[in-house]
Amino acid sequence: MASTAVVTGGNRGIGYAVCERLAGEGLLLVARDPEGGARAAAGIRGDVELVTGDLGTIAAVRRLAGELRDRCPRVDVLVHNAGLWPSRRTLTEDGLEESFAVNHLAPFLLNHLLEDRLGRVVQVSAGLYVKGRVEVGRTAVGADFHQMRTYADTKLCNLLTVPLFAERWRASGITIDAVHPGVIRTGLGDRSGPVGWLLKLVKRRWAAPEEGAGPVVGLVHDGTGTGRYFHLTEEVPWRDPRRTASWPDACGKRPRR
């Protein structure tokens, strides 16, 4: 592929729905499970190639970045969609809490490892970031693990880097924005036991993945700014829970549009 879009976690949920909409432009679908990824790629009409890659360890992320570099000289769009909502504290081989590694560190590393080939980055965020709290030494290893708040912590970590990347890349023309796609019915956070059954009942009322894909794809094609945060299709000043100030004061001057 001469140029392409890359979507992580593209084998199901919002990621799959995003891939369906972007396949006509040349697409690399990144999935951890080779069989599930192959089925997903086969089910999408268009120019789709599967890239098997795990985002759970630093070494695996580096391998994934290397394969992406080998396959395409230009990454027009990189959509960070893969995410993990943990039910228990699990440490990776790097000694990091698993959802911190997948939700925050992997996108952070891929941005750096691919930045000489990037054009546009879209980060799929979550409105629950407002419940997050970041203490780097503790958050990274899940020292205060909680099934809900740890997820929020990792999403906040990731969101805090968006204005920093926007400023870093301003001269190069690379753009980055984040979007909360809504409360969507996916497999994220599924559990076993009574809590899991209750969650499945609740999820029946949530929006379908195709609805969540809409704001993401809309932002993929939005070339009007960088360093922004969107709730669905509306740009909003996000609030850093560590402070009382909104984006302009908490992260420096508001990125120019």
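Is Asp 116 buried or exposed? I looked it up in this predicted model, and Asp 116 counts as exposed, because its relative accessibility of 53% lies over the 50% cut-off.

Entry on its partner. I found that Asp 116 meets Arg 69 in a salt bridge, with 2.7 Å from N to O. The two are 47 residues apart and link distant parts of the chain: Asp 116 sits in the loop between α4 (98–114) and β5 (118–124), Arg 69 in helix α3. I noted Arg 69 as partly exposed, at a relative accessible area of 27%.

Entry on helix α3. I next checked Glu 67, which forms a salt bridge with Arg 71; their closest N and O atoms are 2.9 Å apart. Why are these two about one helical turn from each other? Because Glu 67 and Arg 71 are four residues apart in helix α3, which spans residues 58–71. I read a relative accessibility of 27% for Glu 67, so it counts as partly exposed. Arg 71 is partly exposed too, at 29%.

Entry on Glu 135. I found its side chain in a salt bridge with Arg 133, at 3.6 Å from N to O. Glu 135 is partly exposed at 36% relative accessibility, and Arg 133 is partly exposed with a relative accessible area of 41%.

Entry on shared partners. I also saw that Arg 120, Asp 177, Asp 222 and Arg 228 are joined into one network by salt bridges that share partners.

Entry on the count. How many salt bridges does a search of the whole structure find? I got 12.

How values were computed
Residues are numbered from 1 along each chain as its sequence is written. This is a predicted model: local features need pLDDT of at least 70, side-chain atom pairs count only at pLDDT 80 or more; totals for chains, interfaces and linings use all residues. Side-chain values use heavy atoms; hydrogens and water are left out. A salt bridge is a side-chain nitrogen of Lys or Arg within 4 Å of a carboxyl oxygen of Asp or Glu. Buried means under 20% relative accessible area, exposed over 50%, partly exposed in between (1.4 Å probe, protein chains only).
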